[in-house]
Amino acid sequence: MWFVELLAFVGKLLGVFWKALSALWGSLVAPLLGLRASLWLAGPAAGQRRQHLERAKGTREEEEEDGGGDGPLIPTSVNYHFTRQCNYKCGFCFHTAKTSFVLPLEEAQRGLRLLKEAGMEKINFSGGEPFLQDRGEYLGQLVRFCKQDLRLPSVSIVSNGSLIRERWFMNYGRYLDILAISCDSFHEDVNVLIGRGQGKINHVENLRRLRGWCRDYRVAFKINSVINRFNVDEDMREHIRELNPVRWKVFQCLLIEGENVGEGALREAEKFVISKEEFQEFLDRHQEVSCLVPECNDKMKDSYLILDEYMRFLNCREGRKDPSKSILDVGVEEAIKFSGFDEEAFRKRGGKYVWSKADLKLDW
């Protein structure tokens with residue numbers, strides 16, 4: 001019996017000593033490790049070691065900023081060209097009427113839902129001329145679906161404006177954040193020369209009418225201009241100030257193989273091309289316009305996610321449009337791998353901006 005009691009006493013005594021030793025070791029670990037690190041950094045190869053640590057830290061920060069680097073591409077902002085058909089014949093057009101295909105509305109909506117589930121925040125509908133299909137009704141239903149059902153932060157349209165009627169604003173304006181109207185000149189004869197003309201419709205007068213409707217129905221108004229051989233010397237400052245768009249997107253005329261140059265192209269745009277220097281001169285002339293957002297060919301390259309009428313991503317890295325498989329067949333994550341999209345270029349060109357009219361706080 002006395003032996004058992006002795007063992008119990010020794011066990012308690014050892015427990016007390018063990019706790020004391022553990023506490024002492026715990027208090028010494030941090031200083032010892034700090035001393036070791038200091039000696040390591042102060043050694044013969046200290047400079048190299050510091051550089052190694054700085055590079056490792058920078059890499060971790062970049063990975064955190066980019067979401068890890070190895071994850072799937074996120075389709076934050078998508079340009080959906082659901083039709084190639086158009087009522088204008090712009091000579092430099094780089095998305096021409098090579099097909100007349102348009103997806104059934106339900107299939108288009110299914111694809112848009114897939115994009116939303118993959119992380120899409122902004123959808124931009126373009127063409128062709130998007131108001132051509134069903135006199136704008138098809139487009140209107142897509143706009144409403146994206147804002148009302150998918151609850152996207154931003155829904156926008158790029159149009160030549162010639163087919164838009166006030167009734168469309170009455171029915172669908174509340175669901176639209178931004179309407180961008182293409183206007184390359186404030187001289188009607190230049191617009192006609194370029195191909196932005198149809199019958200008795202005056203493109204510039206119609207632009208002003210649309211500006212008024214955007215104000216009346218609370219849609220943010222934007223202007224897109226392609227700077228080319230026929231408008232590069234024009235001074236547009238006064239007109240842009242008068243119209244006061246939230247953004248004036250100014251593009252350098254771009255050649256795309258198979259679209260507006262080369263074999264199989266429906267346009268011959270070489271005569272519209274200008275140099276980087278000429279484009280820069282135009283920008284310098286308009287630098288005081290606060291809403292100016294310039295995009296030269298280098299900025300445009302690979303920085304847009306373009307979806308065609310079959311919901312295929314278009315890869316433009318080789319100067320032509322190479323399609324992926326449709327997201328309707330293989331899903332967004334698989335199709336986007338072949339998009340050629342450069343997220344870094346997208347960020348650098350300011351691809352993400354305040355794009356919801358709820359956040360723009362406009363003085364209507």
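Predicted model: local features only at pLDDT ≥ 70, side-chain atom pairs only at ≥ 80, totals over all residues.
You'll find zero disulfides in it. You'll also meet a hairpin built from strands β9 and β10, plus L103, a buried residue in a loop.

**Cysteines**
- C214 is buried, because its relative accessible area is 0% and the cut-off for buried is under 20%.
- C291 has a relative accessible area of 12%, so C291 counts as buried too.

- Strand β9 covers residues 312–315 and strand β10 covers residues 322–326.
- The two strands run antiparallel, and three bridges join them.
- Look across from L314 and you'll see P323, which sits in β10.
- Six residues lie between the strands of this hairpin, and G319 takes a positive phi near 80° there.
- Here's a handy rule for looking at strands: in a regular one, side chains alternate between the two faces of the sheet.

- You'll find L103 in the loop that lies between β1 (77–81) and α3 (105–117).
- Is L103 buried or exposed? L103 is buried, because its relative accessibility is 8%.
- Leaving out residues up to four places away in sequence, L103 touches Y80, A108, Y138, E309, M311 and L328.
- One of those contacts is M311, and L103 and M311 are 208 residues apart in sequence.
- In space, L103 and M311 are 8.6 Å apart, going from C-alpha to C-alpha.

Terms used
Residues numbered from 1 in each chain as written. Heavy atoms only, no water. Disulfide = S-S within 2.5 Å. Buried < 20%, exposed > 50% of the residue type's maximum accessible area, 1.4 Å probe, protein only. Pairing = 2+ DSSP bridges. Helix = DSSP H or I, 4+ residues; strand = E, 2+ residues; numbered from the N terminus. Contact = heavy atoms within 4.5 Å.
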